[in-house]
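Thanks for asking me to look this one over.

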Amino acid sequence: MALRYFCTTNISTRQHDFSAKILVPSSLSLTNSRMHSSTPETNTKTKSTADNLKSLVNTLVLPSISSSPLHSLHRGNWVKLICGASFEDVVDIRNLSLVYTLAGVDCIDCAADASVVSAVNEGIEAARDIVCLRKPWVMISVNDDKDLHFRKAEFDPEDCPADCSRPCENVCPASAISFLGKSSGISYNTEAPSVLKDGVITERCYGCGRCLPVCPYDKIREVTYVRDAIATADLIKKNDVDAMEIHTSGRQSTLFEQLWSALGDSVENLKLIAVSLPNVGDSTISSMNYMFSIMKPNLQSFNLWQLDGRPMSGDIGRGATKESIAFAVQLAKEKERPPGFLQLAGGTNAHTIEGLKKEGLFQTTISEYLHDDKSAINSSDSPHALISGIAYGGYARKIVGRVLRSMQSQHGGAASIEDHSEYLLMALKEALALVGPIKCS
C-alpha cells in the first residue's frame, strides 16, 4: 500500500492542550501502484510520503506506545476505544480501529460478534502495516441481563406521517436513522453499498436511546437482548480476542454467576477480564466483592472494574464526564474494594483528564492520594496508579466519525481510510488530540 502525501507536524502538549498541525500540499495527489503507472519520480514521492507518515506517528504519538497494555494499566495511562457493545457497522469499526491503533490505544472494545471482531483485527493489522506498533488488546462486551448498551431502536417507517419533521434522524449520533427523501446519500449497508434503506440502520444503532423521547408520535420502541454465553465462549476460544467485559447492573448477582458459569474454561484464554457496573451507592463495594468472589476460583488473568458514570453520553458535552469522575472519587478511598484495576467510562470525553487532575486522581498512586491520611495506607497497597485509565466511546467515535462521514460522502460508504490519505491524517489528528494527553503526561 502506498501512502500518498507530504505532511509536517507541530505538536504541543500542555495540560489539556494537545494539538497537531498537518499540512497536505495539494500538488501531491494520491498515488497507488494499482492506479498509476510507476516511474522513478512517483516511486520517490511514494517512498517519501510513506516515510513522512511513519515519522508523524513515531514523533507524535507516544513515547509510551511501545509499552504493553498491561504496563499502561500499571502506569495509569491506559486508553480504551469503545466501538460499542451493539455497534456492528464493520466498515466503520475497521476504520476506527485503524485510526485509534495508530493513535496508541491499549485496547479496542467491541460487540461479541465474529464479524465485528474480525473487522477490529483487520483494522489493527492495517495500522501495523503502516507503522510497526505493538498490538492493542481486542475486548468483547457481553451482558448478564437487560442493559442500556445491549439494545436497538426499531420502528416501521411506513407508520411515519409524511409531514413529520423526523427529529429522530436529527438527534441520532450514529447516523443510524435515515429516510430516502432526506438522506445524505451515504449508504452504510456494506453488503450492497448502493442501497439505502428507510428507518433504523440496525448495524449502526448502538442503543443510546436519544430517539425514543423525541418521536412526536411515539412510534419508536427499543429491542433489548442478552449475548449468548455459549457463543461468546466459542468466540473467545478462537484466539482473536484478548479480553472480555461483562456489563452488569451490580444488583443481580445470580445472573452474573450464571453467566460466569456458562462461560466455563473459555475465560482461561483471556489476558484481562473487566466488569462494567454503574454506581449503585452504598451497595457498590459489597456487589463488587461478591462478583469478585464468583470469578476468583477460575480467574487466571488480570481483572478490571469499569466505572460506568453516565452511559453513552460523552459526545453530549463537557458536563457528561462528571458522574464517572464522582464514581472514581467515591471508590478511591474505599479500603474494602476488591482487587482489580479501576478505569473510567460513561460520559468520558476531552474534559475527563482535567476533572481527574482537579481531584488529584490523574496518574496518582494510592500513597500519593492519601498522603494526608497515613492510617488509611496499607503496606500491601499497590505502588501503581490508583486510576488505571480511561475508556472513550461516544466522544471518540464522534470526532473521528466526522472525518469518516466526509470521506464516505466523497468515496462511498465502504471506503477504507488508508486508501484516502488526507482523511487518514485528519482522523489521526483528531484521535491524537484525545489519546495524546493521557499517553504523553
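The numbered points below cover confidence, a helix pair, the cysteines and a few residues in their surroundings.

1. **Ground rules.** This is a predicted model, in which local features need a pLDDT of at least 70, side-chain atom pairs count only at pLDDT 80 or more, and totals for chains, interfaces and linings use all residues. Residues are numbered from 1 along each chain as its sequence is written, and side-chain values use heavy atoms, with hydrogens and water left out.

2. **Confidence.** The chain averages a pLDDT of 83, and 78% of the residues score at least 70; pLDDT is the predictor's confidence in each residue, from 0 to 100. Residues 1-38 stay under 50, although the model gives them 85 contacts beyond four places in sequence (contact means heavy atoms within 4.5 Å). Residues 181-195 are also below 50, with 30 contacts beyond near neighbours in sequence. Where pLDDT is low, the predicted coordinates should not be read in detail.

3. **Overall make-up.** The chain has 13 helices and 14 strands, taken as DSSP runs (helices H or I, at least four residues; strands E, at least two) and numbered from the N terminus. Of its 441 residues, 53% are buried, where buried is under 20% relative accessible area, exposed is over 50% and partly exposed is in between (1.4 Å probe, protein chains only). Among contacts between residues at least 6 apart in sequence, 78% join residues at least 24 apart.

4. **The α3/α4 pair.** How do α3 and α4 cross? The axes of α3 (residues 90-103) and α4 (residues 114-130) come within 7 Å, at roughly 40°. Those axes are lines fitted to C-alpha atoms over the stretch in contact, and angles run from 0 to 180 degrees between N-to-C directions. On the α3 side, the contact residues include V90, I93 and L98, and on the α4 side they include V116, A119 and I130. By class, this contact has 11 nonpolar, four polar and two charged residues; Ala, Val, Leu, Ile, Met, Phe, Trp, Tyr, Cys and Pro count as nonpolar, Asp, Glu, Lys and Arg as charged, and the others, Gly among them, as polar.

5. **Cysteines.** How many disulfides are there? The count is zero, a disulfide being a pair of cysteine sulfur atoms within 2.5 Å. For C83, the nearest cysteine sulfur belongs to C110 and is 6.2 Å away; C83 is buried, at 0% relative accessible area. C208 is partly exposed, at 21%.

6. **Around M312 and R210.** M312 sits in the loop between β12 (302-308) and α9 (322-332), and counts as buried at 14% relative accessibility. Beyond its neighbours within four places in sequence, M312 is in contact with L148, H149, Y206, G207, C208 and R210. G209 is 103 residues from M312 in sequence, yet their C-alpha atoms are 9.3 Å apart. R210, in the loop between β8 (199-200) and β9 (221-224), is buried too, at 18%. Besides M312, R210 touches V171, P173, S313, D315 and I316.

7. **L263.** Is L263 buried or exposed? L263, in α7 (residues 253-263), is buried, with a relative accessible area of 2%. Leaving out neighbours within four places in sequence, L263 is in contact with A229, T232, A233 and M244. A229 is 34 residues away in sequence, with 5.8 Å between the C-alpha atoms of A229 and L263.
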